[in-house]
Amino acid sequence: MAAEKLRDLSQPIDVALLDATVSAFYGTGSKDERTAADQILRELQNNPDTWLQVVHILQSTKNLNTKFFALQVLEGVIKYRWNALPVEQRDGMKNYISEVIVQLSSNEASLRMEKLYINKLNIILVQILKHEWPGRWRSFIPDLVSAAKTSETICENCMAILKLLSEEVFDFSRGEMTQQKIKELKQSLNSEFQLIHELCLYVLSASQRTELIRATLSTLHAFLSWIPLGYIFESPLLETLLKFFPVPSYRNLTLQCLTEVAALTFGEFYNVQYVNMYNIFMVQLQAILPPTTNIPEAYAHGSSEEQAFIQNLALFFTSFYKVHIRILESTQDNLASLLVGLEYLINISYVDDTEVFKVCLDYWNALVLELFEAHNNLDNPAVTANLMGLQMPLLPGMVDGLGSQLLQRRQLYAGPMSKLRMLMICRMAKPEEVLIVEDENGNIVRETMKDNDVLVQYKIMRETLIYLSHLDHEDTEKQMLKKLSKQLSGEDWSWNNLNTLCWAIGSISGSMMEEQENRFLVMVIRDLLNLCEITKGKDNKAVIASNIMYVVGQYPRFLRAHWKFLKTVVNKLFEFMHETHPGVQDMACDTFLKIVQKCKRKFVIIQVGENEPFVSELLTGLATTIADLEPHQIHSFYESVGHMIQAEPDPQKRDEYLQRLMDLPNRKWNEIISQARQSVDFLKDQDVIRTVLNILQTNTSVASSLGTYFLSQISLIFLDMLNVYRMYSELISSTIAGGGPFVSKSSFVKLLRSVKRETLKLIETFLDKAEDQPQIGKQFVPPMMDPILGDYARNVPDARESEVLSLFATIINKYKTVMIEDVPRIFEAVFQCTLEMITKNFEDYPEHRLKFFSLLRAIAAHCFPALIRLSSQQLKLVMDSIIWAFRHTERNIAETGLNLLLEMLKNFQASEFCNQFYRTYFLTIEQETFAVLTDTFHKPGFKLHVLVLQHLFCLVESGALTEPLWDASTVSYPYPNNAVFVREYTIKLLGTSFPNMTVAEVTQFVNGLLESTNDLSTFKNHIRDFLVQSKEFSAQDNKDLYAEEAAAQRERERQRMLSIPGLIAPNEIQDEMLDS
């Protein structure tokens, strides 16, 4: 009944009833009551006439939630229907809202009490303004300013409205208003700013009310980034702001305003004002926060206002220095206050707060880079002049002058830079390789999750420290060694201090000259090993161990040059492999692998003073070294030894080492196989299955590092392994067939499948890593055909391993055309049955999807003649599956599909079936490509979509197709050629897909495409414009459309980093040659 009454909008709404409904919705009543209330309110909100009752509701109700409901209805009308309303309704609403705002804000009591309501009304007013002003409400700003002068409380609210307006126009307008409208509003605000400016200055000079002054400062803060500069520098505004800075209640707001001013950039016109502002500011700051204050401690114990002050201070200094540091360097007096400011900023950088630190770090990184580049480019005077800000040709005499100028600049910053090195060393972030962390209870544990913020911070800090190190190697080394000696003496010992120091030492690897690096590291490693000996306590030892491992892993060049150290370090790692502390063993295995990869030759030659190569000594003690390791750690260890053996040039020794390495797993394998020959059931025991899995994983690890040389080992176990594979596969199928759908998820079946997968992975790893020797393929591929391919076809879908697909993709990529004869067999076994699994929807069997398309791609690339021999039904299946692939929203599947499509298009174009193929598929491919290009779900594929379309249009334009693409029996109009037909077809296709675009716009786009087929970048920009024009891509994130340009930018950055020693860590550079 009540609902019916509310729904009838022909007479004024019953406000008491509405209040009750709103209260029921927000109330604690039963769920049914709330649902009923929600239903009624939704209906009212969607009713186009409800808004006519808004004034009546607002005047009659006392309930704040009801008022908000009414305003929500009104906001919807303003956003979507305002311009369609009759003038008198618009004016009536505009005047009503203005009157209520003035009335409520005209006295202190109601302004405070109705704060929330007034804020919402202000937002509504600004929404109206976006439509009405400046065109239909010219006098808005003068009206507002004159209202503000009538009372201080009205003035305070007017400031809030102005701030909202500025934010709407300058900060939040993208995607909300058209570019033209934004421009118009900005011009209006600019041209009428005089009145606002006078009002602000008047308030700041005349008012005594704290709230009003705070509101005015807050509004100014929103305006300062865009107002004409004269209002700032040619009026009393700056000195007024500086006058308010020392007052505690205005300190933060004033500081935010000053920061906005500091960040402005526009040539040198106002330099004098900037220097004055800075100097007055520094005098006041030293009174508020004496330079001797321990800022990190003050921050830790400060109120939230005081903490905000420190944050704002960091923003002020970094904003000012980024733009205006040069003018402060110019005279002696300014220099002194610049150095005081830098000192403040360094102290603020020690504050224990991530956001504050990020602000400081960003600036330090920029400053140090600038100093480093000038120092690095001294050989190239033109670059240097540019960096110095000199825009003129250089005369020979000036270069020396510039050199001395740069030197002066470096000396000027030597003090702050030295303190900055200390800061970087003390606060270094944790690198990715370190797996040992302190948890919240103060225990040392293995890291479970990577923290991306920390990794980003580490990258910036590492870069900054490398520049600092290049600016002064001596100081860097001195500070690090001094800090290390304090760790040893115990005066500075703590986990955190040792960690940050070692992370810093590891991070500058590659930035020193070799002899300096050698001298430095000998001391560092010796000290760390000593520290490990003298320190007691399990956790302490774990921390020191992780730091030793991190540092040695970062300096492969040093280890290669010093066998004694290398041997000591590796033996130390073996010691850590017995350390049962979580994380230490993992890190020991990771570091061992990293070092072996970079120094493998050193382990297979007989070093001075040794009787046999290290690898032989290691193999003798193998069983004891790995006694305490977990299976996954043992696999990593075996992979490392595989790298050593791979470096042995003598085939006989190599095979002997491999035999010794594989002795333990081979003995176990032979035992299992001989037991199985007596009774097959022995293989069904879960522990035996686990052992088989473990043996296969060990083999895979060694195959991955040994490559071709693994041949002798895999030949030993290959045929037995295929028999086990077949037996387990049949066991899985019979278990699933007998036990229903859920059996496939049981631990027994999962374990059996793991063995099958590992077998496939082992064969794939070996064939992939083995050098291109056809006889290996001949030896291994035929025996696999039935046990693996035949088995795949015979299995139930849930028992098919996707790894079969990737194995055969690897084989085809490896042996290429040799495999053409086998393609029909592969096709027959996997094609139809896999397609049935993956074309039911886009979700099931995700692994099979990607691997299936990778296999197809391998066949298309290397065995294309085999595809041509397919029947037309089979080829249609292939094409359908490709289209199915690039419709995927799963990025890697869609990309594989598109790459495959491009290869097919090019191959068919070059074959004798060119006309026949394109007649069948041209229009389908064009239509499907446009569909994914414009649907906003496939943005990452943009680059490939463009290439497909370019290929199709080029083909038509070049006249390579000699037969018509249209079906003559159904199309009566004879087109002169394919180009004309495709143009017409495309215009029709896009015209019907985008009814919001005019025929002229679509035609212009299609003509543009056909004209620019030979110029990829014009072609691509054309498509980008079309996507924005078609309104599909307006207010969304479009970075994927520019992914290629971003990738080129990343490559340039990498080249720059390669040119600076140390910026790319030595262990990330491929340097096979150095290991001799």
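The protein exposes about 49,100 Å² (Shrake-Rupley method, 1.4 Å probe), and carbon and sulfur atoms supply 53% of that area. This is a predicted model, in which local features need pLDDT of at least 70 and side-chain atom pairs count only at pLDDT 80 or more, whereas totals for chains, interfaces and linings use all residues. Residues are numbered from 1 along each chain as its sequence is written, and side-chain values use heavy atoms, with hydrogens and water left out.

**Overall build**
- The secondary structure comes to 52 helices and 2 strands, taken as DSSP runs (helices H or I, at least four residues; strands E, at least two) numbered from the N terminus.
- Along the principal axes, the C-alpha atoms fill a box of roughly 105 × 90 × 75 Å.

- Of the 1076 residues, 52% count as buried, that is, under 20% relative accessible area with a 1.4 Å probe and protein chains only.

**Cysteines**
- The count of disulfides (pairs of cysteine sulfur atoms within 2.5 Å) comes to 0.
- Cys-502 is in no disulfide, the nearest cysteine sulfur, that of Cys-532, being 11 Å away.
- Cys-502 counts as buried at 1% relative accessibility.

Terms used
Buried means under 20% relative accessible area, exposed over 50%, partly exposed in between (1.4 Å probe, protein chains only).
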